[in-house]
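Please read the points below with the model open beside you, and look up each residue as it comes up.

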Amino acid sequence: MTRSWTPGTTDAALSAISATPRLVVALDFDGTASPFVLDPMAARAIPEVAAQMERLSAMPDTVVAYVSGRSMHDLREITEHTDDSPVALAGSHGAQYWYPGSGESGAESAAAEEDGTKEELWEAARPIIDRFDGAELEPKTFGMGVHTRAATPEVERELFAEIDALVAERFPHWRRRKGHHVLEFSSRLEGKDAAMTALRERYDATGILFAGDDVTDEDAMRVLVDGDLGVRVGEGETAAGLRVRNPQEIAQLLEALADERAARRE
């Protein structure tokens with residue numbers, strides 16, 4: 001059962017995760033750390049979230065991470081990520097990783113698939129996308145995203161139908177994901193559930209707090225176990241234990257988590 005969290009209140013699950021010996025705090029980026037913006041590459045974490053992520057990263061036995069469908073190159077740009085950052089990254093829905101102290105790991109490039117390559121997909125999709133106002137192609141390391149944040153609902157429905165038909169005909173085995181005003185296709189099958197497993201194993205985590213706002217984040221929510229905590233941002237069906245309304249409330253939840261974790265270690 002998912003409970004709404006009210007800033008300024010205590011919650012047993014949040015208190016429990018604050019006490020776990022080795023904690024990973026993992027956030028989706030768009031819609032969770034950052035509000036949605038019309039230009040996807042203009043997205044940035046709100047200052048309050050960035051401040052709490054920095055605070056948590058400085059605590060002993062505490063790792064912070066962003067887990068996103070963005071390719072690693074784009075994820076590093078929007079998170080303003082530097083080579084000496086203490087923040088771990090999982091990009092391309094768990095197919096790419098960047099770890100503090102060791103850098104990037106995981107698959108480097110998409111291999112040619114029997115159904116075609118990402119470049120073939122981009123070439124076939126661009127003429128379709130260009131016909132629709134408010135639509136944008138996002139080339140990705142392992143496929144593409146079609147953004148419709150500036151489009152009308154009618155345009156989005158018609159465009160997505162045409163792109164679905166194209167992929168079904170020419171790239172039928174590629175993984176499809178639909179999120180908030182975005183349709184994605186990937187030659188890789190990893191989801192954010194893979195990222196949870198990788199982060200847990202990498203850091204020997206005894207607890208993971210994962211927060212996300214979209215359908216693709218539910219892959220991660222569903223593999224959380226006892227001792228973990230899922231947080232859903234906004235509306236929609238979810239396997240998360242807690243729900244908050246927006247990135248501002250995520251910042252307040254992280255502040256409460258950091259306060260409790262710090263108090264337990266004094």
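1. A search of the whole structure finds 2 cavities of 30 Å³ or more. A cavity here is a set of points, on a 1 Å grid over the protein atoms alone, where a 1.4 Å probe fits but cannot get out, whereas a pocket is an open set with protein on both sides within 12 Å along at least five of seven lines; lining residues have an atom within 4 Å of a point. Grid points are joined across faces, edges and corners, and a volume is the space filled by probe spheres set on the points.

2. Please keep in mind that this is a predicted model, in which local features need pLDDT of at least 70 and side-chain atom pairs count only at pLDDT 80 or more, while totals for chains, interfaces and linings use all residues. Residues are numbered from 1 along each chain as its sequence is written, and side-chain values use heavy atoms, with hydrogens and water left out.

3. The largest cavity has a volume of about 270 Å³, and of the 23 residues that line it, the closest to its centre are Asp-30, Arg-149, Val-182, Glu-184 and Asp-214. Strand 7 (136–140), strand 9 (175–179) and strand 10 (182–186) are the elements that give two or more residues to this lining, and the largest share, 3 residues, comes from strand 9. Strands (E, at least two residues) and helices (H or I, at least four) are DSSP runs, numbered from the N terminus.

4. Which classes of residue line the largest cavity? The lining has 2 nonpolar, 8 polar and 13 charged residues, where Ala, Val, Leu, Ile, Met, Phe, Trp, Tyr, Cys and Pro count as nonpolar, Asp, Glu, Lys and Arg as charged, and the others, Gly among them, as polar.

5. The second largest cavity holds about 80 Å³ of space, and its lining includes Gly-69, Ser-92, Thr-141, Phe-142 and Glu-184. Strand 10 provides the largest share of this lining, 3 residues, and by class the lining is made up of 3 nonpolar, 6 polar and 3 charged residues.

6. The largest pocket has a volume of about 300 Å³, and of its 15 lining residues the closest to the centre are Ala-50, Thr-79, Glu-80, Ser-85 and Val-87. Helix 2 (residues 47–57) gives the most to the lining, with 4 residues.

7. Ala-90 stands opposite Tyr-97 in strand 5. Both faces of strand 5 (residues 96–99) are covered, with Gln-96 and Trp-98 buried on one side and Tyr-97 and Tyr-99 buried on the other; buried means under 20% relative accessible area, exposed over 50%, and partly exposed in between (1.4 Å probe, protein chains only).

8. Ser-92 lies in the loop between strand 4 and strand 5, and this turn residue has a positive phi of about 50°. Is Ser-92 buried or exposed? At 10% relative accessibility, Ser-92 counts as buried, and its contacts (heavy atoms within 4.5 Å) include Ser-68, Gly-69, Thr-141 and Phe-142, not counting residues up to four places away in sequence.

9. Leu-253 belongs to helix 8 (residues 247–264) and is buried, with a relative accessible area of 1%. Leaving out residues up to four places away in sequence, Leu-253 touches Trp-5, Leu-14, Leu-209, Val-231, Leu-242 and Val-244.

Note on methods:
Pairing = 2+ DSSP bridges.
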